[in-house]
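Please open the model in your viewer and keep the selection panel at hand.

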Amino acid sequence: MTAFRFTSSASLRRRSKPIRRPILRDDIVVFLGPTLSEPQARTYLDAIYLPPVGCADVVRAVAKYAPAAIVLIDGVFGQLPAVRHQEILWAMACGVRIYGAASIGALRAAELAPQGMIGHGLIYRWYRRHPLADDADVTVPMAPVALGSRALGDALIDIRLTLKKAERIGIIQRRLRCELESLARALHFSERSFPKLLAAAENNCAATDEIEALKAWMQAGDASRKRIDAVNLLTYLADQKINRLNEDIPFAFELTESFANDMEYYNMLDTLLPKGT
């Protein structure tokens, strides 16, 4: 770990200009996990695929691959620190285009749209319209990276959209849809899934016939909105010529002390600073 230390915010700002700018290539890096498997994703976009993004991973990807663009779809949470807003802003200040969709990518894109992060899909637009919406609405429990980061449950956003579709086509009535949404929201995200929701409904809802009809309808399968948004973004990027972000960014990046301390912990601080700093 580097011995570099900052004594004050003022000295930090003096010593952190300019930031190091990598020579970018035309690669695209995609952080992906339970929303879509890598083999499936490769059928839509030839890219460098990495496991769900966490703190320092964007900085690490810029340092290792110098990509023209980074796509955030899935990310870690809970026991591991999530990707920081500051590292996304740093990457954009270096000229990397940052896209987001489906899961944590949609969240970060909605939060950083004013700074130039590019969001894609219905879930992104939903978070833009509802900035106080719960992050857990797109969160699912997932297997470890060694086991493919596959989903071990269902996201609330997918459950809600599926129930609304079932109501729209007449499988269930509005009253049951609202009851099921309340039951789903009451489940912790680590326990949230369609099977557990329907089991809870059998014990708490009186509309037995509707629940059975819903079960039968769901056996045919319905595409996850998260998956649709991810696929649409990858398909869109496959048809684009991604170049370095040359236009002026709408913010002045400053290397804050807390961000520097985080990157120092992950042995990535030297990547942020120009040589000789």
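In which sense do β1 and β3 pair, and over how many bridges? β1 and β3 pair in the parallel sense, over four bridges; strands count as paired if DSSP finds at least two bridges between them. Helices (H or I, at least four residues) and strands (E, at least two) are DSSP runs numbered from the N terminus.

This is a predicted model, in which local features need pLDDT of at least 70 and side-chain atom pairs count only at pLDDT 80 or more, while totals for chains, interfaces and linings use all residues. Residues are numbered from 1 along each chain as its sequence is written, and side-chain values use heavy atoms, with hydrogens and water left out.

Select Phe31 next: its bridge partner in β3 is Leu72. Then select β2 (residues 48-50), which runs parallel to β1 and is joined to it by three bridges. There, Tyr49 is the bridge partner of Val30.

Now display the side chains of β1. Ile28 and Val30 on one side, and Val29 and Phe31 on the other, are all buried (under 20% relative accessible area; exposed is over 50% and partly exposed in between, with a 1.4 Å probe and protein chains only).

Proceed to the largest nonpolar core, which has 50 residues; such a core is a set of buried Ala, Val, Leu, Ile, Met, Phe, Trp, Tyr and Cys residues joined through side-chain atoms within 4.5 Å. Ile70, Leu72, Trp90 and Ile98 have the most contacts inside it. Elements giving two or more residues to this core include β1 (28-31), β3 (69-72) and α4 (85-93). A second, separate core of 21 residues includes Tyr49, Ala69, Ala102 and Leu234.

Finally, select Cys55, which is buried at 7% relative accessibility, and Cys178, which is partly exposed at 27%.
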